[in-house]
Amino acid sequence: MPATARTTTQSAKLNQPSTLDDVEVIAFDVDNTLVDILQTKRDTFAATLETLADRGLAIDPEAQARELYAFALEEGIDDPDVVPRFLVEELGVDDERMLADGRRTMERLEPGMVQLYEGVISTLDQLRSRGYQLCAVTDAPREAVRRRLPPNGLTGRFDRVIVREDTPRGKADTRPFEMLLEAVDARPEQLVAIGDHPVRDVSNVVAMGGHGVLAEHGTRSSYNDVAAEHEPTAAIDGVEELLALLPGCDQRSSALASLTR
Ligand SMILES: [Mg+2]
């Protein structure tokens, strides 16, 4: 057994071990589950403002990148116009060319800045080789997903990707997961969702008869007050811990036995 698997076997918290026996489909949330979106945005904003300063915008890129980050957290981290809006509303910039440049520069730089959590690619590949269908279900808009998935080797690793626009309310209800089950022709008990939000990624899926794994490595302290109706099936602190929870059909019984010892 590789060293990583041994560590994760010891640390993953599994509340209801036997229930993962039927899982065939894994639905990953993207932001704060596979992608460290906050670090990604921090780096992207810093690089964007540096570029604009090089082109003549009179700003202190480092200090103002922090302000831009705070602004984006308030105003919408995925707003494609967040840079020009910040420049207008906070810095009083009225140079139309510079504003358009701000938007374009952010879009161009973000794909190269995307930070995946440790072990994401190798974990996805191992889960794939264990026979699971891998899917992504995200509340991020299609454009943002396009910017975030391609440059990191995530493209092509998912059988289905469901984005915010695919359903009326996103993961505020269970529709995206029902849509996924229809698409892959699976039953709820064959589905496990992995995500950082206790309700949207976990409790809602458990409520519909599926399984939910809370990705504690991405869960924000602001979620402490979120009242989730259902407990997660399991919790992980790092994507690699999934390898201990989802051993694949052949090895299920032995790995689960070691988890519950
Ligand atoms: Mg998330």
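Predicted model: local features only at pLDDT ≥ 70, side-chain atom pairs only at ≥ 80, totals over all residues.

User: What percentage of the residues in the protein is buried, and what percentage of the contacts between residues at least 6 apart in sequence joins residues at least 24 apart?

Analyst: The protein has 261 residues, and the buried ones make up 41%. For contacts between residues at least 6 apart in sequence, the share that joins residues at least 24 apart is 63%.

User: Why is strand β5 described as largely enclosed by the rest of the structure?

Analyst: Strand β5 covers residues 191-195. Leu191, Ala193 and Gly195 point one way from the strand, Val192 and Ile194 point the other way, and all are buried.

User: Which residue of β5 is the bridge partner of Ala27?

Analyst: Strand β2, residues 25-28, runs parallel to β5, and 4 bridges join the two. In β5, the partner of Ala27 is Ala193.

User: Which residue of β6 stands opposite Ile194, and what is the handedness of the crossover from β5 to β6?

Analyst: β5 pairs with strand β6, residues 211-215, in the parallel sense over 4 bridges. Within β6, the residue opposite Ile194 is Val213. From β5 the chain passes through helix α9, residues 198-207, to reach β6, and this β-α-β crossover is right-handed.

User: Is Asn32 buried or exposed?

Analyst: Asn32 sits in the loop between β2 and α2. Its phi is positive, about 65 degrees, although Asn32 is not a glycine. A residue with 20 or more C-beta neighbours within 10 Å is classed as buried. Asn32 has 20 such neighbours inside 10 Å, so it counts as buried.

User: Is Asp185 buried or exposed?

Analyst: Asp185 is in the loop between α8 (175-184) and β5. Asp185 is not a glycine, yet it has a positive phi of about 55 degrees. The cut-off for exposed is 12 or fewer neighbours. Asp185 has 8 C-beta neighbours inside 10 Å and therefore counts as exposed.

User: How are α2 and α3 oriented to each other?

Analyst: The axes of α2 and helix α3, residues 61-75, come within 9 Å and cross at roughly 130 degrees. The crossing of these two helices is right-handed. Residues making the contact include Phe45, Leu49 and Ala53 of α2 and Ala65, Leu68 and Ala72 of α3. An angle of roughly 130 degrees lies between the perpendicular range of 65 to 115 and the antiparallel range over 145, so α2 and α3 are oblique.

User: How are α2 and α5 oriented to each other?

Analyst: The axes of α2 and helix α5, residues 96-113, come within 9 Å and cross at roughly 135 degrees. This crossing is right-handed. The contact involves, among others, Thr44, Ala47 and Leu52 of α2 and Met98, Gly102, Met106 and Leu109 of α5. Angles over 145 would count as roughly antiparallel, and α2 and α5 are therefore oblique.

Technical notes: Residues numbered from 1 in each chain as written. Pairing = 2+ DSSP bridges. Right-handed = clockwise from strand over helix to strand, strands pointing away. Contact = placed C-beta atoms within 7 Å. Axes fitted to C-alpha atoms, helices over the stretch in contact; angles between N-to-C directions. Parallel < 35°, antiparallel > 145°, perpendicular 65-115°, else oblique. Left-handed = near helix turned anticlockwise from the far one by under 90°.
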